[in-house]
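Please examine the sequence and the three-dimensional structure shown below.

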Amino acid sequence: MPYRKPTDSTLRSGKGAGRPSGAARRPHQENATYKKDTGRPGNSSGKGRYGAPSSADKRGVRTGSGQRPHAQPDRRQPMPSFPAQQAQPGALSPMAEPPENVLYGRNPVREALKSGRSVERLLVASGLKNEGSVREIVGIAVENHVPVIEVPRERLDLLCAGAHHQGVALYAAMKDYVPMEDILAVAAERGEDAFVLVLDGIEDPQNVGAMLRVAECAGVHGVIVQKRRAAGLTPATMRAASGAGEYIPVCQVTNLRAALESLKQAGLWVMGADMDGECCYDASLTGPIALVIGAEGNGLSALTARTCDKLIRLPMRGRVGSLNASAAASALVYEIVRQRGWR
């Protein structure tokens with residue numbers, strides 16, 4: 001058939017030579033809008049520049065193609081959950097503080113064994129049984145028929161609440177308090193004027209232990225402590241005394257004022273340490289004496305101060321207006337020793 005140039009009417013009707021009927025439009029152009037390939041969200045191709053996935057594809061949202069691309073997997077893993085561990089029967093757990101009847105440290109343990117104190121058993125860290133001073137401690141325990149048990153160091157760490165135990169610890173009965181009459185009997189046995197140290201409301205076991213050590217070294221016949229609102233013969237006190245608490249008699253009283261009145265009736269002069277008192281170097285501190293030391297910060301209670309026969313003080317020439325309770329007790333105790341002429 002010869003070529004026939006289409007006319008305007010044939011173009012408007014969508015009919016023409018060499019063109020099938022009903023093909024006025026291309027199928028892919030139906031319901032489609034042209035967008036420039038920018039690689040941004042909404043790009044009909046679903047691709048960014050250089051063929052990289054668009055940000056829309058990465059987020060897994062619908063794109064201009066009408067299809068939902070495969071969403072990226074969430075690589076964030078949830079935290080694993082573990083069941084609560086139940087404490088096993090007989091298992092050791094860390095303690096806030098050692099038990100009351102546990103002593104540790106080589107020097108306190110050695111002195112407790114030498115004093116004949118009732119001891120249940122001695123614990124020694126594995127591998128230390130034949131080492132230096134530990135061998136001496138083990139020997140004393142064997143002589144006193146005390147069971148010696150080797151345990152892992154970790155067990156001692158737990159038992160002593162992480163304190164420096166030096167590889168040894170023992171279970172001991174708490175030191176027994178003695179009646180006040182026993183303290184006065186010690187002075188009578190020595191043929192000396194009674195010298196008693198009285199602690200008024202001192203709650204720090206380190207201070208109490210330090211005073212027990214000073215009292216024992218200076219030859220004081222005994223120490224009186226309060227039962228309430230004061231530190232007694234706890235393991236912390238005995239450790240601070242570094243063995244001295246095993247030898248010096250300690251009396252515990254409920255009513256301190258009544259105890260001081262009893263000492264007065266026994267012939268002792270009650271001297272209280274107070275900043276408003278007389279200088280200790282000018283006071284006469286010979287004869288039977290009970291020296292009363294008050295708590296840090298509060299000092300002597302008002303009732304105790306009124307009960308004392310005399311108040312004495314240490315001279316303070318520096319800018320700091322007070323001493324630690326155990327330091328003040330040490331200075332006053334040795335001033336009494338000096339005036340007594342003890343050598």
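Which residue caps the N-terminal end of helix 7? The cap is D204, with a side-chain oxygen 3.1 Å from the backbone nitrogen of Q206. This is a predicted model, in which local features need pLDDT of at least 70 and side-chain atom pairs count only at pLDDT 80 or more, while totals for chains, interfaces and linings use all residues. Residues are numbered from 1 along each chain as its sequence is written, and side-chain values use heavy atoms, with hydrogens and water left out.

**Overall composition**

- The chain contains eleven helices and ten strands; helices (H or I, at least four residues) and strands (E, at least two) are DSSP runs numbered from the N terminus.
- Of the 343 residues in the chain, 38% are buried, where buried means under 20% relative accessible area, exposed over 50%, and partly exposed in between (1.4 Å probe, protein chains only).
- Among contacts between residues at least 6 apart in sequence, 76% join residues at least 24 apart; a contact means heavy atoms within 4.5 Å.

- Strand 5 covers residues 195-200, and six of its six residues are buried.
- In a regular strand, side chains alternate between the two faces of the sheet.
- F195, L197 and L199 point one way from strand 5, while V196, V198 and D200 point the other way.
- Strand 5 runs parallel to strand 9 (residues 289-294), to which six bridges join it; two strands pair if DSSP finds at least two bridges between them.
- The partner of L199 in strand 9 is I293.
- Strand 5 is also parallel to strand 6 (residues 222-226), with three bridges between them, and V198 has I224 as its bridge partner there.
- A right-handed β-α-β unit is formed by strand 5, helix 7 (residues 205-218) and strand 6; right-handed means that, with the strands pointing away from the viewer, the path from the first strand over the helix to the second runs clockwise.

**Helix 7**

- The 14 residues of helix 7 should span 20 Å at 1.5 Å a residue, and its end C-alpha atoms are 20 Å apart, which agrees; the expected span is 1.5 Å times one less than the number of residues.
- Buried residues of helix 7 include N207, V208, M211, L212 and A215.
- Strand 5, strand 6, helix 8 (235-241) and helix 11 (325-340) are among the elements that cover the buried residues of helix 7.
- After helix 7 comes G219, which has a positive phi near 90 degrees.

**Helix 4**

- Helix 4 (residues 132-143) has twelve residues and reaches 17 Å from its first C-alpha to its last, close to the expected 16 Å.
- V134, I137, V138, I140 and A141 are buried in helix 4.
- Seen down the axis of helix 4, its buried residues fall within an arc of 160 degrees, so they line one face of the helix; the arc is that of the directions from the helix axis to the C-beta atoms.
- R135, V142 and E143 are exposed on the face turned away from the buried side of helix 4.
- The buried residues of helix 4 pack against helix 3 (106-114), strand 2 (119-125), strand 3 (148-151) and strand 4 (168-172).

**The loop residue L314**

- L314 lies in the loop between strand 10 (310-313) and helix 11, and counts as buried because its relative accessibility is 11%.
- The C-alpha atoms of L314 and C280 are separated by 5.9 Å, although these residues are 34 apart along the chain.

Conventions:
A polar contact is a pair of N or O atoms within 3.5 Å; within protein, one must be able to donate a hydrogen and the other to accept it, and residues adjacent in sequence count only if both atoms are side-chain atoms.
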